[in-house]
Amino acid sequence: MTQIDASNRKRSSGRLMILGFLSPSLAILLFMVAYPIFSLVYYSFFNFSALRPAAGMKPVGLGNYEFLLGDPELWERFVFTGEFVALCVSAQMLIGIFIGYQLQKNFRGRDLLFTALMLPMMMSPVVVGFLWRYMFNSEWGVINYLLTVIGLGKVDWLGQTTAALFAAAAADTWMWTPFIVLLATAAFRGIPETIYEAAEVDGASPAYTFFRITLPMSAPVLFIALILRLIDSFKQYDLFFALTGGGPGSSTETVSFAVAKTAFSYFYTGEASALAVVLLVIIIGLSMILVRHLNKMGERY
Amino acid sequence: MLKKTLSSAVTSAIAICAALGVSSAARADTTLTFVWHAGTCADALMDIAKDYPDKTVKIVPALVPYGPEWHNKIASEFAIKGDAFDFAMWDSQSTAEFAGGGHAVKINEIFDKSSYLKADIFPPASLSRYGEYPDGSGEYYGLPANQDAYGLMYRKDLFEDPKEKDAFKAKYGYDLAVPQTYQQARDIAEFFTRPDQDLYGWGQMGGREYDFATTASNSFLWSFGGELYNPQTFEVKGYLDSPASVDGVQAYVDMFKFGPPGSGNWGFDEVNAAFQQGQLAMAMQWFYFNGSNADPKVSKFADKTAFGVLPGAVGRDKKFRRQFSVGGQGMGINKYSKKLPELTKFMEWYFQPEQQARYAKVCQTGLKAVLESAEWQGLNSYNRQFSTALAYLNDYWHLPEYPVLLDQLQEEVSNAVSGTKTVQQALSDAAEKHERTLQRAGYDIKRGDSTPEVPDQKISPVGVDEVVVVN
């Protein structure tokens, strides 16, 4: 009897100790993550403005969601965001994997080149936006200058919807391709040399080696890079803020741009909360699908 | 040895405490922080503030670029009832939003207590424009710290060239001169548009950001007899998209044909840059920038640049109107600031004629004593035109919903500029969105039986039979 009591005490004190160690982290996590999310959801059921507190908070149930989901312009923003994400993430993955593959080889000056390639990623998106805004200036921007040098006409990059989409994707690709290069190079260099030697002995062509050995073996890392870029591109706001201001019209407004504008320019706090919840649900859904896929991929390789 | 160590440790501790005491005494000095957009006028304020006699008070700028982040910085601080800044220069239209939200100090209380700061040291129209809310109430939430107006700048070397004059008269049948109407401005812009010489007739803002496109398009809209809405009934449909409003915005959109390609998304920086490089014969620009555009260190064409008042237009009712956007900012006080006594003393000093005369050398003061002085108009090459321009100012909606209405109008005017929509379609869509915004905010829109073709005839009419020559 005494022995059982002693063992129970031991187990219980162990649990308490685990809880004791975890509780600071849990408290911080609850305060920093759970509380904002719950308050966001709570606020989304009210019509109110943080700038006009005297007007009070009017409960509207699902009114904010009904208004937003019935607004055709919101769907246009989702479509634009989807186009932007598809365009820039595909470009970043393709270019990033290509450069990463080249950089895994040993050659003179590789480290210097590698460091130089990382520079765009270290800049703030707002700075990148302003920088590219000047470069895309239709009259005195360097892009149009280069086009005229090779005999092509000037393009009104930021004044037309389709051109503005490509301009934004180019700026984002310039900034974030180094991120893919970084991860791809690390993944490629992590593949044991013996596998390549065996492939060479078996007479495998470079293309065969790349598509049947390099890519599959680095797939989990590349997939993580893809997930991070998809989520990050979906949230893109600051680049558009500086580059196009959302224009022409509202044709280059991403969903995040609309959230920021509704929250901090309009100060429609309830409506902005509802929009942020919609965005959060989409990002969580997207992440869950991709993470599930990643897990399957991990089991396979 | 131990004693020695102990004694030196105590000495060090005393020295550190003394040093901390000194630094905490230094920190006890008052800092008055202000938010404004960075630029010539904020620099001028800082320069003047350096000479503030009370050296225990330091004026600290918290500057942001012109645009939405400037508004958002002030609004965000108000939303958390914070005191990160003590006073701010905000747009005249924002007074309704900030005062209506209960975040700005009512200046009438300062007028009552101060021996110097009184309403009558400012022109009544200026005080009302930059600080009154609601309109006509006599309640003020801002002082006219930095007046501004949309203006015209042009290349006088081109306008005074005898060959150009002869060629213009031969083509258009009247003398080349600073345009009095947008119809004349169009002819002159067309005349000087010579892409092969990298010269264009007209530069104007059309960008989607903040108020870039609409401050320009509104100037056309009002001059052609249009209106943004009916402030009595809150009707927008039939006013913003009235035939006269469409005429005005169409004239604005058409002027991009005489600007450099791609100028449809320009902001003020691009207009300045193009003008300073000699690419434009005329440009629509704020008086605010004239200081730099007249400075030979900034513009290679400074000595060839002249300033004027923007044209008006002869509307479809054959009446002449000259109306353009008011710019500039009022100085408002953060209600949550704990330094109101120190700030009031600083404002009493800053709004003295001596300080305001210094300010008026580069920017536009709102102090009556300076504006009425004999020297003011001669302080630079554009104050005379500015004093004329003050008579033709008009403004956006003075409603707390201003940021939403502005963004919606910006979006639709930008659609018209880019050609995504016709002007009629863009203005009708903007009117639809505006009414929806007003209805959601609780305004009761009282629909009339009919809407006027030229809304200005119904709302505080300014149309006259003859063209008024001012330049």
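## Annotated spans in chain A

Residues 16–38 of chain A are 100% helix and 0% strand, with 28 Å between the end C-alpha atoms. This comes from a predicted model. Residues 208–228 of chain A are likewise 100% helix and 0% strand. The end C-alpha atoms of that span also lie 28 Å apart.

The unreviewed entry annotates "transmembrane region" at residues 16–38, 78–100, 112–134, 164–188, 208–228 and 272–291 of chain A.

## Chain B overall

Chain B holds 19 helices and 11 strands. The C-alpha trace of chain B spans about 100 × 55 × 45 Å along its principal axes. The radius of gyration of chain B is 25 Å. That agrees with a compact globule, because one of 471 residues would have a radius of gyration near 23 Å.

Of the 471 residues in chain B, 50% are buried. Among contacts with a separation of 6 or more, 74% join residues 24 or more positions apart.

## Two domains in chain B

Domain 1 takes residues 26–148 + 327–394. Domain 2 takes residues 150–325 + 399–457. The centres of the two domains, taken over C-alpha atoms, are 27 Å apart.

The contact between them involves 26 residues from domain 1 and 23 residues from domain 2 of chain B. On the domain 1 side, at least two residues each come from α2 (40–49), α3 (68–79), α4 (94–100), α17 (383–389) and β11 (393–394) of chain B. That side of domain 1 has 10 nonpolar, 14 polar and two charged residues.

## Where chain A meets chain B

In the contact between the chains, 24 residues of chain A touch 26 residues of chain B. The chain A side divides into eight nonpolar, 11 polar and five charged residues.

## The largest nonpolar core

The largest nonpolar core has 180 residues. Those with the most contacts inside this core come from chains A and B: Ala168(A), Ala171(A), Leu243(A), Ala88(B), Val249(B) and Met282(B). Helix α7 (residues 161–189) of chain A gives the largest share of the core, 14 residues.

Met282(B) shows one set of neighbours in detail. Leaving out residues up to four places away in sequence, Met282(B) touches Leu152(B), Tyr154(B), Ala185(B), Ile188(B), Ala189(B), Gly201(B) and Trp202(B).

Methods
Residues numbered from 1 in each chain as written. Chains lettered and ligands numbered in written order. Predicted model: local features only at pLDDT ≥ 70, side-chain atom pairs only at ≥ 80, totals over all residues. Helix = DSSP H or I, 4+ residues; strand = E, 2+ residues; numbered from the N terminus. Rg over C-alpha atoms; globule rule 2.2 N^0.38 Å. Buried ≥ 20, exposed ≤ 12 C-beta atoms within 10 Å, placed from the backbone. Contact = placed C-beta atoms within 7 Å. Nonpolar A, V, L, I, M, F, W, Y, C, P; charged D, E, K, R; others polar. Core = buried A, V, L, I, M, F, W, Y, C linked by C-beta atoms within 7 Å. Domains from an automatic or database assignment. UniProt positions renumbered as here; feature names shortened; annotations may be inferred.
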